[in-house]
Amino acid sequence: ILINSKIMNDIKQFLRSNALRPTKQRIVIAGYLFDGIDKHVTAESLSTELAKRKHIISLATIYNTLHDFYENGLLKKLTLSADRVYFDTNTDDHHHFYSEKEQFLIDINKNIKVNGLPKTPKNKKINKIEVIVHLDK
């Protein structure tokens, strides 16, 4: 699947406006990630999805690009285990359901009330609370 020239120019401008050089690989990855639909991806799942679309990009390049996007505030990073890192295109504060068995992460679309928060360490305050609800089966 090719990216048409108007969209490609928009993606190039988007990358440049976020201090990222618009390489061919970044253009393809950004075109998939930032198409207006919120996504949760790992480097591996993104590689698989891009391959289905006839874009073969090395896993190392995908991993580096995801981290570049994260470092520039374009993605949220959720580390769920030592070997499971998800990147979320929705960078607003929000909560998730996670199934380790099925390896999916989805947004919770309701406000959650958290009660009984612990006392913070001296000279610290809570910045934000994000809940990950782990699912079974």
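The model is predicted. The chain holds 4 helices and 6 strands. Read from the N terminus, the elements follow the order α-α-β-α-α-β-β-β-β-β. The C-alpha trace spans about 55 × 40 × 25 Å along its principal axes. The chain has 137 residues, and 33% of them count as buried. Contacts were also sorted by separation in sequence. Among those between residues at least 6 apart, 44% join residues at least 24 apart.

Helix α2 was examined for burial. This helix is mostly covered, with 7 of its 10 residues buried. The buried residues of α2 are Arg26, Ile27, Val28, Ile29, Ala30, Tyr32 and Leu33. Several of these names return in the contact with α3. There, Val28, Ile29, Tyr32 and Leu33 of α2 meet Leu46, Glu49 and Leu50 of α3. An α-helix has 3.6 residues a turn, so residues three or four places apart point the same way. The axes of α2 and α3 come within 11 Å and cross at roughly 95°. Angles of 65 to 115 degrees count as roughly perpendicular. Helices α2 and α3 are therefore roughly perpendicular to each other.

Helix α3 also packs against α4. Helix α3 covers residues 43-52, and helix α4 covers residues 59-71. Their axes lie 9 Å apart, at an angle of about 120°. On the α3 side, the contact is made by Ala43, Glu44, Leu46, Ser47 and Leu50. On the α4 side, Leu59, Ile62, Tyr63 and Leu66 take part. Leu46 and Leu50 of α3 are also listed in the contact with α2.

Alanine 43 is found in helix α3. Its relative accessible area is 5%, so alanine 43 is buried. Leaving out residues up to four places away in sequence, alanine 43 touches Leu59, Ile62, Tyr63 and Leu66. Alanine 43 and threonine 61 are 18 residues apart in sequence. Their C-alpha atoms are 9.2 Å apart in space.

Aromatic rings were searched next. A pair of aromatic rings is described by the distance of the centres and the angle of the planes. The search of the whole structure finds 3 aromatic pairs. In one of them, the ring centres of phenylalanine 14 and phenylalanine 34 are 5.2 Å apart. The planes of these two rings meet at 55°, so the pair is tilted. Phenylalanine 14 has 29% relative accessibility and so counts as partly exposed. Phenylalanine 34, at 26%, also counts as partly exposed. Phe14, Phe34 and Phe69 form one aromatic cluster.

Another pair joins two strands. The rings of tyrosine 86 and tyrosine 98 have their centres 5.8 Å apart. Their planes stand at 75°, so this pair is edge-to-face. Tyrosine 86 belongs to strand β3 (residues 84-88), and tyrosine 98 belongs to strand β4 (residues 95-99). The two tyrosines are 12 residues apart, and the pair links distant parts of the chain. Both tyrosine 86 and tyrosine 98 are buried.

A charge also sits over a ring. The charged end of lysine 39 lies over the ring of tyrosine 32, 4.9 Å from the ring centre. Tyr32 is one of the buried residues of α2.

Leucine 78 is placed in strand β2 (residues 76-81). Its relative accessibility is 7%, so leucine 78 counts as buried. Residues up to four places away in sequence are again set aside. Leucine 78 then touches Arg84, Val85, Tyr86, Asp88, His96, Leu105 and Ile132. One of these partners, Tyr86, belongs to the edge-to-face pair. Leucine 78 and threonine 42 are 36 residues apart along the chain, and their C-alpha atoms are separated by 9.8 Å.

Key
Residues are numbered from 1 along each chain as its sequence is written. This is a predicted model: local features need pLDDT of at least 70, side-chain atom pairs count only at pLDDT 80 or more; totals for chains, interfaces and linings use all residues. Side-chain values use heavy atoms; hydrogens and water are left out. Rings of Phe, Tyr and Trp (its six-membered ring) pair if their centres lie within 6.5 Å; planes under 30 degrees apart count as stacked, over 60 as edge-to-face and the rest as tilted. Buried means under 20% relative accessible area, exposed over 50%, partly exposed in between (1.4 Å probe, protein chains only). A charge sits over a ring if NZ of Lys or CZ of Arg is within 6 Å of the ring centre and within 35 degrees of the ring normal. Axes are lines fitted to C-alpha atoms, for helices over the stretch in contact, and angles run from 0 to 180 degrees between N-to-C directions. Contact means heavy atoms within 4.5 Å. Angles under 35 degrees count as roughly parallel, over 145 as roughly antiparallel, 65 to 115 as roughly perpendicular and the rest as oblique.
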